[in-house]
Amino acid sequence: MPRLSLQEVEYIAQLARLGLSDAEKELLCEQLSAILEYAATINQLDTDNVAPMTSALPLRNVMRADFPAPGLTPDEALRNAPAVQDGHFCVQAILE
Amino acid sequence: MTQTTELCDLSIHAALEQLRQGAISAVELTRAHLERIAALDGRLHAYITVTAEMALAQARQADERRARGEDAPLLGIPVAIKDVICTRDVRTTCGSRILENFVPPYDATAVRRLREAGAILLGKTNTDEFAMGSSTEHSAFFPTANPWDLERVPGGSSGGSAAAVAAGCAMGALGSDTGGSVRQPAALCGIVGLKPTYGRVSRYGLVAHGSSLDQIGVLTRDVRDAALLLRVIAGHDPRDATSLDAPVPDYVQGLGDATHLRGVKIGVPKEYFISGIEADVESAVREALRVMEEAGAQLVEISLPHTPYGIPIYYLIATAEASSNLARYDGVRYGLRVEDADMWQTFFRTRALGFGPEVKRRIMLGTYALSAGYYDAYYLKAQKARTLLRQDFERAFQQVEVLACPTTPDVAFRIGQKLDDPLQMYLSDVFTVSLNLVGMCGISVPCGFAKGLPVGLQLMGPPLGEDLLLRIAYAYQQRTDWHTHRPPLWTQVSAGG
């Protein structure tokens, strides 16, 4: 498998909303390439008629009884927020 | 030995007996542990946060309850909690700058159950950032040292919990195990580490890493203590939709007192005795197999043919799940926010400064495996391969009751040795990741030494086979004394501190 390009690393970082320095990008090109090359060994396996395993449990759509129960108070929910205004999470403007 | 050292050497079950007899108090026991932490943790760095005052207040309450004639399964027992498990009003950092000041408004269910059982919380233990690592070196704050050799890692990611228990700085601890993070540090620190079946213990309040793999486990100095802790934290929780609605057996009573293993079929998977495993580790584990055979167990050679694919499957699935789980750290509702020109730039900058190198690497790897064009080749392929791996184990458990193998291919490595080579670090999980992928249970118990450092014997069991694992591990422990060995630093604590 070919080495990951700088453009690919930048594209993935965009998807992950992850800021990276130039040095980090360089290092990740190298390290991710090595890890992915190793990971590609699973291509040796014949999985044509194998269903994917998505969970270790045979569970489906677990529902609970529909009754009200106390949750966090607004103060508790906002306690760790970086910025709060009038009982809400406060963010920078997203519209001009 | 000072009295502090003696109190900190007690097993949980022995301490409970003395507490019930009134021979010691919860305050004495807690104070002894806090003194020992004060004396040793400057060298070990097992704790990120020590909650001394809260612990003493809880201990006083425990003594008052006892004075009123009350009892509870862990009343007065000081324990430690890995810092990826939420504790109400106590900072929970996940070993990360991004949550450095996060104070959860609620307890994880496992923590709530410990509190209700009367346990005392000494503090929060160090971990690789978001439990991503095998050495605790990826903590954003500091690495933890192995009590057996301060130049070496304690394993990870529950390295703080393992080091604290091995050094007598906690009677037991909670950890979390996504790919071996309870069993591997337990092995490298010479203690017992149990990873329950996926769903046996509620994940509510465990900060998510790989949601189809994560499970809270226990670290203790002997098998009976592991049974005691598991009995308290196991069970269904409506707050975790993936927790199993199955009755919890009395794991302690289930230990019995038999030291024989007559009629027990133990599978020995040949893929776990490969070249590359340290010779002295292999001979310690072979000797443990011989002890179990001598106790009446029948050893059966087994094949788990997809074992070599465990690491690649694991690092694709775990990182894919992690990249999705860690998307929540955006600097909006909790955690670090580093403001930039606009909201979009703030996301990038917050995550750039909040996450360390290993977390960034895994977010990148997981995002890649899930991205358009690569999803089928990596993530879906890994999920299919995961089915094959599970079929290996299902076939094996038709033939034998449990499997026995080394927990790790080598003893504790030197701090810094694998830090620059992530692939080498990942490979140190080769014997532990499969169990998480198949969702079954496992325990690591001390089984000897190699190069003067502890070696772990891993027993792996079928879904909800914890009672069986504990019973076999207990019989093994009854016939050996490895769990009674203490690291050299054990007695290096001067009187009164």
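**Figure 1. Surroundings of Leu230(B) in the predicted model.** Leaving aside neighbours within four places in sequence, Leu230(B) makes contact (heavy atoms within 4.5 Å) with Leu194(B), Pro196(B), Val201(B), Val218(B), Tyr251(B), Glu466(B) and Leu470(B). Leu230(B) sits in helix H8 of chain B, where helices (H or I, at least four residues) and strands (E, at least two) are DSSP runs numbered from the N terminus. With a relative accessibility of 0%, Leu230(B) counts as buried; buried means under 20% relative accessible area, exposed over 50%, and partly exposed in between, using a 1.4 Å probe and protein chains only. Leu370(B) is 140 residues from Leu230(B) in sequence, and the two C-alpha atoms are 35 Å apart in space. This is a predicted model, in which local features need pLDDT of at least 70 and side-chain atom pairs count only at pLDDT 80 or more, while totals for chains, interfaces and linings use all residues; side-chain values use heavy atoms, with hydrogens and water left out, residues are numbered from 1 along each chain as its sequence is written, and chains are lettered from A and ligands numbered from 1 in the order in which they are written.

**Figure 2. Glu466(B), a buried acidic side chain without a salt bridge.** Glu466(B) belongs to helix H17 (residues 466-478) of chain B. The nearest side chain of opposite charge is that of Arg200(B), 5.2 Å away; in this count Lys and Arg are positive and Asp and Glu negative, whereas His and the chain ends are not counted. A salt bridge is a side-chain nitrogen of Lys or Arg within 4 Å of a carboxyl oxygen of Asp or Glu. Apart from neighbours within four places in sequence, Glu466(B) is in contact with Pro196(B), Thr197(B), Arg200(B), Leu230(B), Tyr251(B) and Cys441(B).

Figure 3. Over all chains the structure holds zero disulfides, a disulfide being a pair of cysteine sulfur atoms within 2.5 Å. Cys86(B) is accordingly in no disulfide, and the nearest cysteine sulfur, that of Cys94(B), is 6.9 Å away. For Cys441(B), the closest cysteine sulfur belongs to Cys405(B) and is 13 Å away, too far for a bond. Cys86(B) counts as buried at 2% relative accessibility, and Cys441(B) counts as buried at 0%.

**Figure 4. Salt bridge between Asp240(B) and Arg203(B).** The side chains of these two residues meet at 3.9 Å, N to O. Because Asp240(B) lies in the loop between helix H8 (223-233) and helix H9 (251-254) of chain B, and Arg203(B) in the loop between strand S5 (192-195) and strand S6 (216-220) of chain B, the pair ties together parts that are 37 residues apart in sequence. Both Asp240(B) and Arg203(B) are buried.

**Figure 5. Salt bridge between Arg390(B) and Glu394(B) within helix H14.** The closest N and O atoms of Arg390(B) and Glu394(B) are 3.1 Å apart. Both residues lie in helix H14 (residues 375-399) of chain B, four residues apart, which is about one turn of the helix. Arg390(B) counts as buried at 18% relative accessibility, whereas Glu394(B), with a relative accessible area of 37%, is partly exposed.

**Figure 6. Salt bridge between Arg115(B) and Asp107(B).** The N to O distance between the side chains of Arg115(B) and Asp107(B) is 2.7 Å. Arg115(B) is partly exposed, having a relative accessible area of 26%, while Asp107(B) counts as buried at 15% relative accessibility.

**Figure 7. Contact between chain B and chain A.** The contact takes 66 residues from chain B and 50 residues from chain A. The area buried between the chains is about 5200 Å², of which carbon and sulfur atoms give 68%; buried area is the accessible area (1.4 Å probe) that two parts lose on being put together, summed over both. Phe348(B), Met364(B) and Lys381(B) supply 14% of the area that chain B buries against chain A, more than any other three residues. Three salt bridges are counted between chain B and chain A. In a salt bridge at 3.3 Å, N to O, the side chain of Arg79(A) meets that of Asp89(B).

**Figure 8. Leu365(B) and its contacts in both chains.** Leu365(B) lies in helix H13 (residues 357-370) of chain B and counts as buried at 2% relative accessibility. Not counting residues up to four places away in sequence, Leu365(B) touches Leu32(A), Ile35(A), Leu36(A), Tyr315(B) and Thr319(B).
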